[in-house]
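Please have a look at the structure first.

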Amino acid sequence: MQELFKEAAKIAAVVPEAMQEAAFHRALDMLTAGEQLEHKTTPRGPKKRPTSGSDAGASFDDRVARVSAIARNDAAEIDQETSVQGRSMALLVVAKREADVDGLTAPEIAKILTEKFRHRTSRQAVQQAMDAAGNMIDRQRNGNSAAVYRVMKAGDEWLMMPADQRSASGGGRSRSRRRPPAKEGAAPPPARATRVGRATGGVKRAASAKKAPGNGRRVGPKAALEALIDAGYFAEPRSIADIRQHIRDQKAISFENSDLSPALTRLLREEKLRRTKPENQYVYTAG
């Protein structure tokens, strides 16, 4: 109030002396009304970024904090991915499964990947990767707010595939490569020789495959877990440490937790396993 009185006195001082008292009261009324209006119109608290789904009304910082609180062992599939697209999609799946956060924006994805998982990326890189994902990603925009991304069924199936079986385009959009036109006067390629070479190469590959017992393929974590399900190993609750030790002792195969965790997640989605958390760690039983 002292500041208001000083300001009103300054205003009143510029009018004739006979009018100064009335001018002082008039100026004080106007200054007081202006301060009250400012308090009413000043927004308080952080602005909310509206989204759809179960997190409608949750703030940017709230969603980021909830997802960042997920234990890294419960999000091993993110570290398994090697591209911005793969990591972003895996993060969306983990956020829904572990934190019940249904959808994230590109700025949120970039912030969580960079600060929580130490995979440095930018909003622009995430947005470009999500927009290139085609039917694997649902993109929803509310007004002028940032688009919210969610993984669709095609995206779940893509994440479950081994990396060497995924298409180069990420499964969303494919582009066929065209052979450049032949130059004028150039001799046509020796088609017969090419066919013979391919046939010979096929025979060599078949022969080498026969020489390698079992085709030389190492049992993957998902196949090993499915064998344990069929053998009745998951009739009792098993922790990831129990599973890892059992496979090492019985099958002479060493897997890391980061190998088993994504495979367990896929079996949960296929409802071949169930997961509970009775004593601060997840245990798995047959579905």
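This is a predicted model: local features need pLDDT of at least 70, side-chain atom pairs count only at pLDDT 80 or more; totals for chains, interfaces and linings use all residues.

Residues are numbered from 1 along each chain as its sequence is written, and side-chain values use heavy atoms, with hydrogens and water left out. Helices (H or I, at least four residues) are DSSP runs, numbered from the N terminus.

**Helices α11 and α12**

- Helix α11 (residues 240–251) and helix α12 (residues 257–269) have axes that come within 11 Å and cross at roughly 110°; that makes α11 roughly perpendicular to α12.
- For these values, axes are lines fitted to C-alpha atoms, over the stretch in contact for helices, and angles run from 0 to 180 degrees between N-to-C directions.
- Angles of 65 to 115 degrees count as roughly perpendicular, those under 35 as roughly parallel, those over 145 as roughly antiparallel, and the rest as oblique.
- The crossing of α11 past α12 is right-handed, a word used if the near helix is turned clockwise from the far one by less than a right angle (left-handed if anticlockwise).
- On the α11 side, I240, I243, R244 and I247 meet N257, L260, S261 and L264 of α12, where contact means heavy atoms within 4.5 Å.
- Sorted by class, the residues of this contact are five nonpolar, two polar and one charged.
- Ala, Val, Leu, Ile, Met, Phe, Trp, Tyr, Cys and Pro count as nonpolar, Asp, Glu, Lys and Arg as charged, and the others, Gly among them, as polar.

**Helices α10 and α11**

- The axes of α10 and α11 lie 12 Å apart, and the helices pack at an angle of about 90°; they are therefore roughly perpendicular to each other.
- A224, L225 and L228 in α10 meet I243, H246 and I247 in α11.
- This contact has five nonpolar, one polar and no charged residues.

**Helices α3 and α6**

- Helix α3 (residues 60–68) packs against helix α6 (residues 106–115) at an angle of about 40°, with axes 10 Å apart; the two are therefore oblique to each other.
- As in its definition above, the crossing of α3 past α6 is right-handed.
- From α3, F60, R63, V64, V67 and S68 meet P107, E108, K111 and I112 in α6.
- The contact of α3 with α6 divides into five nonpolar, one polar and three charged residues.

**The largest pocket**

- A pocket is an open set of points on a 1 Å grid over the protein atoms alone, where a 1.4 Å probe fits, with protein on both sides within 12 Å along at least five of seven lines; lining residues have an atom within 4 Å of a point.
- The largest pocket has a volume of about 570 Å³, volume being the space filled by probe spheres set on the points.
- Of its 24 lining residues, L159, M161, P162, A163 and R266 are the closest to the centre.
- Helix α12 gives the most to this lining, with seven residues.
- By class, the lining has eleven nonpolar, six polar and seven charged residues.

**The second largest pocket**

- The second largest pocket holds about 360 Å³ of space.
- Its lining has 21 residues, of which N73, D74, I240, Y282 and Y284 lie nearest the centre.
- Helix α12 supplies the largest share of this lining, five residues.
- The lining divides into seven nonpolar, eight polar and six charged residues.
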